[in-house]
Amino acid sequence: MPSSPATPTIARINPLKLRPPVAGSGIERDRIVALIERTSANLVLVTATAGYGKSTAMGQLYRHKSERGDAVSWLTADRSDNDLGRFAFYLWVALSNALPELGAPPLASEGIESAAAAASVRVHHLVEALALIEAPFVLFIDDFEQVTASDALALVNTLVSGLSPGQTLIVGSRQKPELPLGRLRVQGRLLEIETDSLKFSVAETRSYVASRLDCVLDETELASLQERTDGWPAALQLAAAALAGRSSVGALLQGLAESSRSISDYLAEDVLARLPAAQRSFLIDTSVLETFCPAMCDAVLERTDSHALIAQTERDNLFLQLIDSEGMWYRYHPLFQEFLREQFRRTTDAQRIVVLQLKAARWLAADGKVAQAIPYALAAGDHELAAGMMAQRATDLVRIGQLDTVTRWVAAIPDAVLARWPELMIAGAYAMTYLHRYADANRLVDKLAPATPSSPKIAADLVALRIMLGAWSDHLPEAFRAAESARETLVDADPYAIGLMHNALAFFRIAQGRYLDALHDAAIAKRAMEPIGALHGLNYSVSFEGAIDLLQGNAREARSRFERTLADIIAAGYRYTTSTAVVVAHLAETLYELDELDAAEVLLTDYLPLIREGCLPDHLIVAYRVLARIQAHRGHHGRAIDTLNTLQDLGDLRGLPRIAAAARIDKLRLALLVGDIAAAQRLIARINDESIWQPFGDLRTYANDLDDPEIAAYRLALATGAGQTVIPRLQDAICHADAANRRRRVLRLQCLLAQAFEAARRRPQALETLERALAASQADGLVRVFADEPWHLQPLLTALESRHTAVAPAYLQTLLKAAERPTPRPVPATSNDLAAADNPLSQRESQLLRLLADGNSNKELARKLFVSENTVETHLRRIYGKLGTRNRTQAVARARERGVI
């Protein structure tokens, strides 16, 4: 993973995943095809155990639709698709075959921070792009049982929820996937085709046997075969192969009735025993291979007749599936392959298996299929060969977000071998950092240190990793020391590395309260990165400048800076990157401060997954806190608690106690808002745990500027009637914050001090203190810095309204409204499934409709969503179609009837 910008290598696409099997084992499944053709469901789930013809039926439907000119695409899943980056990449490639307007999947942009959330970036791009496509299409995903990762399943759920009429996902799986099927059933958007539907009927069995055998089965024999196999297509195919060339079928049927083994094993053994020795040996040997072509078989098995033997196996209908007609690639049906492999294990010594696996690995690697070669090398136990192959691809996989794949690779290599491949360790360290496995990443960094003197590139990568690990794992002093050291030692580093170092130092100076020095470092970072077009590094520099504006209370200036930066990012084609998410976190906080809650919520719900996966702890805390407060302000207390629970869980899972503490600080505030003093008192002890805050020393972390244990204690005192006891402490805190130029914090503390005076029945001092704070802040339009502390605020604001002050009446009215305590809304008794049935809209469509209900024009909607007016119009058309309305007035009315908004 280079520390300077470079164009990522496009991942080699495996075409075998993108085409349905060419050969089918049975008759035309017209009944199944017609069933799917008639449905209007967005999700068709074809579920049965192996051998029931799921792929055959789906493949026939695919070809039928393709020949008719419909937009269709195919994806065969495998275990590697549990890597979200890989799965999203292949989903995009598959869909682009049907929808050329999608174009190629976006690659990670330049720089380490843009690769941090490359998988999430691609997911966001894909969901956004599909949301703008109104044309019908069908995407087939076969072998979906291989996909079990929660984030990959969540992606499929998101795609299905956003599909419009005529857009269909057809999934073949051996078991029910973990998707919200109940909701889809209630909405009438799910068609389920299961085992009973896939079984051959008597008529289909008769037709199938007649097409496969020279001999004729009488009705009794046919009925017996149907009964023994229960219409199982796989067993019928094996039975047909076993019956071929027999003069009498009675013996086989009798044996089938009497055998204690499974039907498939009994029949497969009979079939195998009757084959010529050369063909039998070939089938058993090639069962070691997941997929194969004649050239690969010749090389691995050291023979020259593979093409002829494969052709003979096809003619014999022995469960051989052609999966790429152009390249002559095949695979066995899983049932038959497992039987063959069992024969292989019984008849072949372990060393020969290793030899064949190594030959397969080397042949695939020489053919450019490195990723497919690696599992064979690992299975053979040749870790040196596997590590060398991994080192060729790992950096590119990190860049396109296939992080789980890289971490699995690294974990499979013994330390002694890994030490000889520093490039692989670098890629692994980046991948583990991005996956928040900080301890594992640190272990790799420690192993890399001996390789540093011999490689300037590794030295630069190590500096970048140490800075990132320190910042992401909330070990800020370590990150800052790494940046300081790098500034002295990497004098001749490339511009990107210099920019990275100075961005880290700017963040450090902000935490120290040295804003001028921070601006100076941000300026150096920008000068280094502008000539090389490192847009994402530049975004961080601008974000730090805007953060300083906000810390000093210049909210409108900060908003202008963040909105301009975000618009530039999007115009440059980088709507979803990690640095974009950083800008969004700051912009959402700024909009919230200015009391523009709808606009802040739209940004956060769109970008929260990216913020969660690829941003620093401070941005994570700010984003979740703002979202929870918006939810609480609207009376959705339960949702706010859920949001804060998620933040707390992230802190616990990643071993970052400050994140969990930040969640508890806001939980305490919520508890006080609803009068649950006991809960607040239980939380305060956890919040004040010194071990959480001690590692930061004198550093003032950005996210805790307005919300830290000190302010939590003041809130608790005010809410419990002990406000007068904290007056001296508040006065001292104001002096300290003022000396550190933390103007926004000064304003919050002054608001709390005014309320403490009010609690002590010292109203003149309370009004004087509050008036001074409001007069200083009204030009910047600050609202939430005061309104979020409503303990005794409203009586003071009302008193100020009734007297002559320097505070504008309109500003006071805004604050009075914002400071109203929310009334928690009751949770609807309707079940989630029934509620979902009344809301066919995607999350983005619901957000847009809420803004529409507020009276925003298309132009205003486009500005707030950072999209074009054409995009807004496309969303509106989809909304009208889903709600059965013709215009915005009808859509808003219908949505309100259903409780959508």
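Mentor: In H27, Pro 495, Tyr 496, Ile 498, Gly 499, His 502, Asn 503, Leu 505, Ala 506, Arg 509 and Ile 510 meet Tyr 515, Asp 517, Ala 518, Asp 521, Ala 522, Ile 524, Ala 525, Ala 528 and Met 529 of H28; contact means heavy atoms within 4.5 Å. This contact is made up of 13 nonpolar, 3 polar and 3 charged residues. Here Ala, Val, Leu, Ile, Met, Phe, Trp, Tyr, Cys and Pro count as nonpolar, Asp, Glu, Lys and Arg as charged, and the others, Gly among them, as polar. The model is predicted: local features need pLDDT of at least 70 and side-chain atom pairs pLDDT 80 or more, while totals for chains, interfaces and linings use all residues. Residues are numbered from 1 along each chain as its sequence is written, and side-chain values use heavy atoms, with hydrogens and water left out.

H27 covers residues 495-512 and H28 residues 515-529; helices are DSSP runs (H or I, at least four residues) numbered from the N terminus. Their axes come within 8 Å and cross at roughly 165°, the axes being lines fitted to C-alpha atoms over the stretch in contact, with angles from 0 to 180 degrees between N-to-C directions. H27 is therefore roughly antiparallel to H28, a term for angles over 145 degrees. The two helices cross in a left-handed sense, that is, the near helix is turned anticlockwise from the far one by less than a right angle.

How values were computed. Parallel < 35°, antiparallel > 145°, perpendicular 65-115°, else oblique.
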